[in-house]
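Reader: I would like a close look at one part of this structure. Please take me through the aromatic rings and their partners.

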Amino acid sequence: MSSASTPRPRPLGRTSTRGRRRSALATAAALALLAPLGVASSTAASTATNTATTSPASAIQPADGIPPGEVLAFDFGCAGGPVAEGHHEVTESTLYDAESGFGLSAPVACRDRGAPDAMRRDFVLAGGEQFQVDLPDGEYHVTVISGDEIASNNTQLTVQGEFQGSLSPRGSGEYAEHSVYTEVTDGSLVLEVFGDGRFNGVEISQVAPPTGLEAAEVSTEPPSATLAWDEAIGAAAYTLYRSAHGEQDFQAVGSTEGTSLLDEDVELGYSYDYAVTQTSAAGAESGHSEVLTVSIVDPEVAAPSAPQDLALEKANPSRTTISWTGDDAADEYHVYRSLNADRGFERIAETTDTTHTSPGEAEHNWYYTVLAVNPGGVSERPDPLLAPVTARGDNGNPFEECTTDGADAVVTRHGDTWRAVNDGETVLETYAMVEAMQAAVDSLTEGRTEQESVVVRGSGTMTADAAVDLPSHTSFSVCGTIHVAGNESNFSYEDHTGVVRIRHAEDVAVPFLSVTGNPNFGVYLRTSSDVHFGQMDLRLSGGHGMRIDSRDDDSVREARDITIDDVYVSGTQTHGVETYGVDGLTIGTVTAVDTGHAGLLLNDTVNADIERIVGDGAAAGTGYATFRTANRNGQIDGEYPTNIRVGELIADGGGRGFFCVSESGGVEIETLEIRDTGSNAMLIENCHNITVASEEGYVSGPGDLRISARSEFANTSDIRFANLTLEDTAINESPCGENITAENITLIDSELNLCE
């Protein structure tokens, strides 16, 4: 019922501006342990007494290493001043030497304020000087205490060369306590303080993960698991973490002073991964133990088979109904849904039936799958079923509205041939789908001044070096899917071939378009106006989704009044949707899944109104973002009035969530949710007049929200963060911008590192 798995990497970085990521439970437990030991928090520093931060009367010697549960502590201040019990004294002239194993790189100044306690009352003033401690190689938990009883300060810190930002709080009478995990690989730990910096104290500990994690008892009725582990020397408490098997998203189950814990929040038939940490008496939490997989199953019962024949029964604005063929051995079925066919599934229902209905309209193309469950376990997952968007249209799936009614020309498939018909007469019959489509477009009235339409019924294939060219006053719909074959070469911006191509035209519509395969561009538009894209479904294996530009002449924005109702784009080599030189852009929803680069990229575009941007794995492994603005985007006559509005931005995984760069700005993002980005959650660099979360927002790490600037452009200015909840992340400003503000910010294991 349980088995030990290969140890996973410790869930922390070498260094971090936030310290180690931990759950609210673990943080609360650590704070509770700190209180009776007199390790004052910044808010309680003014009432702290001269209590030692280590229990022995004499300080630990660095050369001896740090025993489990103990702390190597240093008290910085003026010679002759009081020294906190159990601390080594570091005065303004304590220089490093190999015999003592610690010291400063150069003499510094000191100040003694006389309060509030032996460690905090005095400090040394450092402006780039280093403090070095010789330690055996290994991973350490380091806390730096910094503050001033009578003056504000802007202490900035590096640990092992990694910048930690400006320590907060930093006002008069406030004391920052910045903790971080780091690694010693060459026998020395090096800290550097600068920027009007204060060194009051440093505490170093080495806390090993617990060993011997096992499932002491597993019950199926009621479902529960009791986890036990070996006692760790120096541990004051333990925290048990759990994730769904294979997910690696560990959440705290609870904390205890003992060596076992009962977990009753488990489900019959499922498997879970567990890990345990210890927290020392000094409040330092270790990394995770080896991971243990526990299955809540009855070994005498066989798990059910996977559901079969997963099918879409109904899809309309009222409901989406799916069905499947079940297994008599199943006790119930669990229904899951995701935007991505390969990952990210969340359970939305449990049922004993073999159908499921999701009420209401669907704003996305959801993938559904179903698992069968009994006491013997959970079935294999069947291939997911793709359900349509139903948020628009009386018929449910918007593509169901794609009809030949009223069309001026129709293209249909007849066996292996395609036939283009206009006004009852065959224009062309051919084996090539693209030739029939172009012939139908060309058959419309020459020199027309009002829009005429072509509708394609059926699905087929075209090559990547071909395109359907749409002139002015044309509507072109595809009631099927175009698969683009070939195109083994890399994507090229110089090749203007697209499945649909619109150049130097006006009054054009593409109400329905579904594309798969590897085009150069799914859609290519240049220097055209009054163009309406309706339902766009681009599930690609390379190339670029949609490109809309006016780059015949970069001095003007001659792509004007462009509308996109909804676009789903996935699998691109480059961007999902990109504009360059557009004036007037209206978008309903962009859903970008696993795009190679940005989900939505706006270059040199003004007057844009976007209801929703959703990124799932967009721009993974790159510096791009779910939403990126660049190249003077939003700049009007050299100014940055608010003219780029985003109603909602959602970014899950991938590269950055939002990235503004190169003299762009004028952006307001009303609501947002950004999680688990591989790079910054946001990077705002040389941009102006940006409002983030004017209504509400949530950002979780590990990516931070960074304000930055390069010297070749004007400094970043007028950036406002408002109504944000930040978890396991930070807002970091470096170098300092102009008029950078944050208001109504809720911090959960997060920091605000803004210049004053």
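Author: Here is a walk through the ring pairs, then the charges over rings.

This is a predicted model, in which local features need pLDDT of at least 70, side-chain atom pairs count only at pLDDT 80 or more, and totals for chains, interfaces and linings use all residues. Residues are numbered from 1 along each chain as its sequence is written, and side-chain values use heavy atoms, with hydrogens and water left out.

There are 11 aromatic pairs in the structure. Rings of Phe, Tyr and Trp (its six-membered ring) pair if their centres lie within 6.5 Å; planes under 30 degrees apart are stacked, over 60 edge-to-face, the rest tilted. Take Trp324 and Tyr333. Their ring centres are 5.7 Å apart and their planes meet at 65°, so this pair is edge-to-face. Trp324 is buried, at 5% relative accessible area. Tyr333 is buried too, at 5%. Buried means under 20% relative accessible area, exposed over 50%, and partly exposed in between (1.4 Å probe, protein chains only).

Now Tyr493 and Phe521. Their centres lie 6.4 Å apart with planes at 55°, so the pair is tilted. Tyr493 is partly exposed, at 33%, whereas Phe521 is buried, at 1%.

Some rings form a group. Ring pairs join Phe74, Phe76, Phe102, Phe131 and Phe199 into a cluster.

Last come the charges. A charge sits over a ring if NZ of Lys or CZ of Arg is within 6 Å of the ring centre and within 35 degrees of the ring normal. The charged end of Arg337 sits over the ring of Trp366, 4.0 Å from its centre. Arg551 has its charged end over the ring of Tyr580, 3.8 Å from the centre.
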